[in-house]
Amino acid sequence: MPTPTKGPRLGGGPAHERLMLANLAAALFEHKRITTTVTKAKRLKPYAERLVTFAKRGDLASRRRVLGLISNKGVVHELFTDIAQAVENRDGGYTRITKIGNRKGDNAPMAVIELVLEPVSAKQAVVAEATSAAKRDADKKEAAAAPVAAEAPEAEVVETEAAEADAATEEAATEEAPAAEEAPAAEAAEEPAAEEKDAK
């Protein structure tokens with residue numbers, strides 16, 4: 001919230017001041033820059049920036065709140081579509097006041113208040129681009145790591161199948177080995193029996 005202003009109000013009373021600020025804000029959003037007195041520009045700056053903040057939210061409640069202050073629906077629509085989109089990367093400072101000297105008739109100090117619609121500074125743009133590039137690289141690394149992780153279980157399955165095949169081969173070899181050992185033992189038992197028959 002902006003700090004309350006000190007001193008006399010603009011216009012005759014509080015209602016008149018609210019209407020003046022609403023009309024100045026509507027003119028600012030419609031024309032993007034207006035020329036007024038320095039005092040009015042300084043009072044308009046926090047008022048207009050608050051409305052831009054509502055516009056950046058973009059929800060229905062914010063739109064109704066702004067419509068309660070600015071009655072022109074065309075200006076509110078432009079504020080919520082064009083202006084809010086132009087300043088969405090900016091964290092504040094949506095308006096700029098430039099003093100232009102005194103007015104000719106009554107010597108009142110004058111100023112131009114305008115919306116800052118140009119993109120953020122080059123340094124901030126570089127930082128934003130570097131952040132997005134780092135995020136893209138992290139996403140690519142995660143995407144590359146996901147297929148490797150998916151291939152690892154398949155490799156384990158292949159290794160497990162190979163181990164099972166080796167175990168089955170060893171079991172078959174051990175089964176054949178006792179059968180081979182039994183056959184020579186049977187032949188050895190037949191040979192003494194044959195020798196006994198020859199001796200008789």
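A word on the model first. This is a predicted model in which local features need pLDDT of at least 70 and side-chain atom pairs count only at pLDDT 80 or more, while totals for chains, interfaces and linings use all residues. Residues are numbered from 1 along each chain as its sequence is written, and side-chain values use heavy atoms, with hydrogens and water left out.

The structure has eight salt bridges, each being a side-chain nitrogen of Lys or Arg within 4 Å of a carboxyl oxygen of Asp or Glu. Arginine 96 takes part in one with glutamate 114, with 3.3 Å between the closest N and O atoms. Arginine 96 sits in strand 2 (residues 95-102) and glutamate 114 in strand 3, so this pair ties together parts 18 residues apart in sequence. Strands are DSSP runs (E, at least two residues), numbered from the N terminus.

Glutamate 114 also pairs with arginine 33, at 3.4 Å from N to O. That contact joins strand 3 (residues 109-115) to strand 1 (residues 33-37), so it ties together parts 81 residues apart in sequence. Glutamate 114 is buried at 15% relative accessibility, whereas arginine 33 is partly exposed at 47%. Arg33, Arg96 and Glu114 belong to a salt-bridge network that also takes in Glu118.

Another of the salt bridges links glutamate 17 and arginine 9, at 3.6 Å from N to O. Glutamate 17 is buried, with 10% relative accessibility.

Definitions and conventions
Buried < 20%, exposed > 50% of the residue type's maximum accessible area, 1.4 Å probe, protein only. Helix = DSSP H or I, 4+ residues; strand = E, 2+ residues; numbered from the N terminus.
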